[in-house]
Amino acid sequence: MFLDDLGAFDRRCWVDNRLNIWLGAPREDDLPGLLAGIADCERDDVTSLLHPADRAVRAAGRGVARWLLSRLLDCAPVDVAIFRGPHGKPLLDCKRHGLAAHSLHFNVSHVRGLVAVAIGPAPLGVDIELVRTFPDMQLVARQHFAPEMLGPWEATMDQEERTAHFYRFWTLGEAFIKATGQGLSQNFRSFAFPAKGEPRLLRVDDRWGPPSRWSFGIF
């Protein structure tokens with residue numbers, strides 16, 4: 001069972017005060033167990049989806065986040081109090097969890113067949129995508145990528161490499177706007193990443209501090 005895999009998570013994973021990322025591949029038959037650990041409003045959100053595989057990953061994202069957080073907050077998964085920020089970012093409710101809500105941050109991303117849950121001591125974001133080409137890729141890149149990213153991307157002639165660069169920029173950008181809590185209200189062109197090498201910010205708005213303040217990873 002998908003849920004049995006969570007048994008490997010222990011409080012000791014948290015003592016190093018680092019970012020923790022959990023990845024899993026839920027199955028459709030895991031859905032009943034996953035639904036049992038989430039709030040009523042989340043169940044309604046899950047069951048509104050048409051495809052069983054989509055329901056499984058949506059429930060897994062919500063359920064795994066609650067399960068992991070419950071181990072750190074000493075409460076049942078359904079008692080983890082989560083609310084949405086102004087731009088939709090899930091946050092812990094400080095009225096329910098006190099100071100832990102300010103020092104415990106989490107984020108969820110999923111695609112059909114895979115879910116990622118990140119937990120850490122500072123604001124964070126995580127994004128996973130299925131790497132595939134699509135007809136409007138160039139249009140999306142020109143609409144969203146900063147000049148520092150668009151130039152190298154358009155100069156890449158190899159289609160496989162171009163696709164890889166697109167998803168490098170996209171996942172890094174998605175993770176960043178989720179970490180800031182601004183979501184899609186934050187202009188993708190307000191920051192830039194290099195096309196190769198260690199992922200890092202080349203430029204970012206002053207309100208987010210110097211680029212060196214932020215750390216990134218690609219898995």
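Reply: In this predicted model, the largest pocket holds about 970 Å³ of space. It is lined by 35 residues, and those closest to its centre are G125, V126, A175, F216 and G217.

Me: Why is this space called a pocket and not a cavity?

Reply: A cavity is a set of points from which the 1.4 Å probe cannot get out, whereas a pocket is an open set. The space of about 970 Å³ is listed as a pocket, and therefore it counts as open.

Me: What makes G125 a lining residue of the largest pocket?

Reply: A lining residue must have an atom within 4 Å of a point. G125 is among the 35 residues of the lining, so it meets that cut-off.

Me: Which elements supply at least two residues of this lining, and which gives the most?

Reply: They are β1 (20–24), β5 (114–120) and α8 (159–180). The most comes from α8, with eight residues.

Me: What is the volume of the second largest pocket, and which residues are closest to its centre?

Reply: Its space is about 770 Å³. Of its 34 lining residues, R62, R84, V108, H110 and K178 are the closest to the centre. Seven lining residues come from α3, which gives the most.

Me: What makes R62, R84 and K178 charged?

Reply: Arg and Lys count as charged, so these three belong to that class. This lining has twelve charged, 13 nonpolar and nine polar residues.

Key:
Residues numbered from 1 in each chain as written. Predicted model: local features only at pLDDT ≥ 70, side-chain atom pairs only at ≥ 80, totals over all residues. Heavy atoms only, no water. 1 Å grid on protein atoms, 1.4 Å probe; cavity = no way out; pocket = protein on both sides within 12 Å on 5 of 7 lines; lining within 4 Å. Points joined across faces, edges and corners; volume = space filled by probe spheres on them. Helix = DSSP H or I, 4+ residues; strand = E, 2+ residues; numbered from the N terminus.
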